Amino acid sequence: MPVDLGQLLESSGAVLRGHFLLTSGRHSDVYFEKFRILEQPHVLSALCTELASHYRDAGVELVAGPTTGGIIIAFEVARQMGLPAVYIESENGIKTLRRNKSIPEGVKTLIVDDVLTTGTSLLESRTAIETHGGKVVGYGVLIDRSVPGADFGLPLYGSYRVQAQSFAPEEIPDWLAQIPLIKPGTRAAAAGV
């Protein structure tokens, strides 16, 4: 029997409602708390199974994920696919491979991450992999809340796709502005916010 991923996310406590300042600098009434997913192996495993299944026949040779949450996701997707994983960290504000890590030239790499809104983390991770000689062949995210039709230049698959509105700071509707603002997440908000 297929797993209802939406219900799994709701019951895990990962779906929060209120007024949130996203790392992109945009505002939303829905936030996905990745740590509620990462704390529960059965939830994380179910979402990662979707990614591993989708990319199983895509010729992927390596799975990469950015810190913080992406490294756990990379580990689990790689484990399910029987592949090695690498972890992308920040150094002086730039995403890179650290700890003397190298990858074979041209290795076909899948980049995975937690929640997609604007794609900044995916694009920075792609630059890191390509700088080290890898060939990124696609992206996988646990939750895709990006604008419909967004193009990241490579195949993208989200285990769970949700239509979650977000607003530029100057476009916040009155009903949302009346709710106290919360800044969750691990990355600083976009400049000018």
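Trainee: Hi! Which residue in E6 does Ala-64 stand opposite?
Mentor: Ala-64 sits across from Ile-111 in E6. Do keep in mind that this is a predicted model.

Trainee: Noted. What about Leu-62, which residue in E6 is opposite that one?
Mentor: That would be Thr-109. Both of these pairs belong to the contact between E3 and strand E6 (residues 108–116), where 3 bridges join the strands.

Trainee: Do those two run parallel or antiparallel?
Mentor: E3 and E6 run parallel.

Trainee: And which strand does E3 pair with over 4 bridges?
Mentor: Strand E4, residues 85–91, and that pairing is in the parallel sense too. One spot to look at is Pro-66, whose bridge partner in E4 is Ile-88.

Trainee: How does the chain get from E3 to E4?
Mentor: The path goes through helix H4, residues 69–81, making a β-α-β crossover that is right-handed.

Trainee: Which way do they point?
Mentor: Leu-62, Ala-64 and Pro-66 point one way from E3, while Val-63 and Gly-65 point the other way. Residues on both sides are buried.

Trainee: Let's zoom out. What is the strand order in the sheet?
Mentor: The order is E5-E4-E3-E6-E7-E8, in an open sheet of 6 strands with mixed pairing.

Trainee: Which ones are the edge strands?
Mentor: Strand E5 (94–97) and strand E8 (156–161); each of them pairs on one side only. From one strand to the next, the twist averages 25 degrees.

Trainee: Where does H4 sit, and which strands is it touching?
Mentor: H4 packs on the sheet and touches E3, E4, E6 and strand E7 (135–144). The direction of H4 makes about 165 degrees with that of E3.

Trainee: Switching to helices: at what angle do H3 and H4 cross?
Mentor: Roughly 55 degrees, and the axes of H4 and helix H3 (residues 41–55) come within 9 Å. That angle is why H3 counts as oblique to H4.

Trainee: Is the crossing left-handed or right-handed?
Mentor: H3 and H4 make a right-handed crossing.

Trainee: Last one: which residues in H3 and H4 meet?
Mentor: From H3 you have Leu-44, Ser-45, Cys-48, Thr-49, Leu-51, Ala-52 and Tyr-55. They meet Ile-72, Ile-73, Glu-76, Val-77, Gln-80 and Met-81 in H4.

Notes. Residues are numbered from 1 along each chain as its sequence is written. This is a predicted model: local features need pLDDT of at least 70, side-chain atom pairs count only at pLDDT 80 or more; totals for chains, interfaces and linings use all residues. Side-chain values use heavy atoms; hydrogens and water are left out. Buried means under 20% relative accessible area, exposed over 50%, partly exposed in between (1.4 Å probe, protein chains only). Two strands pair if DSSP finds at least two bridges between them. A crossover is right-handed if, with the strands pointing away from the viewer, the path from the first strand over the helix to the second runs clockwise. Axes are lines fitted to C-alpha atoms, for helices over the stretch in contact, and angles run from 0 to 180 degrees between N-to-C directions. Contact means heavy atoms within 4.5 Å. Angles under 35 degrees count as roughly parallel, over 145 as roughly antiparallel, 65 to 115 as roughly perpendicular and the rest as oblique. A crossing is left-handed if the near helix is turned anticlockwise from the far one by less than a right angle, and right-handed if clockwise.
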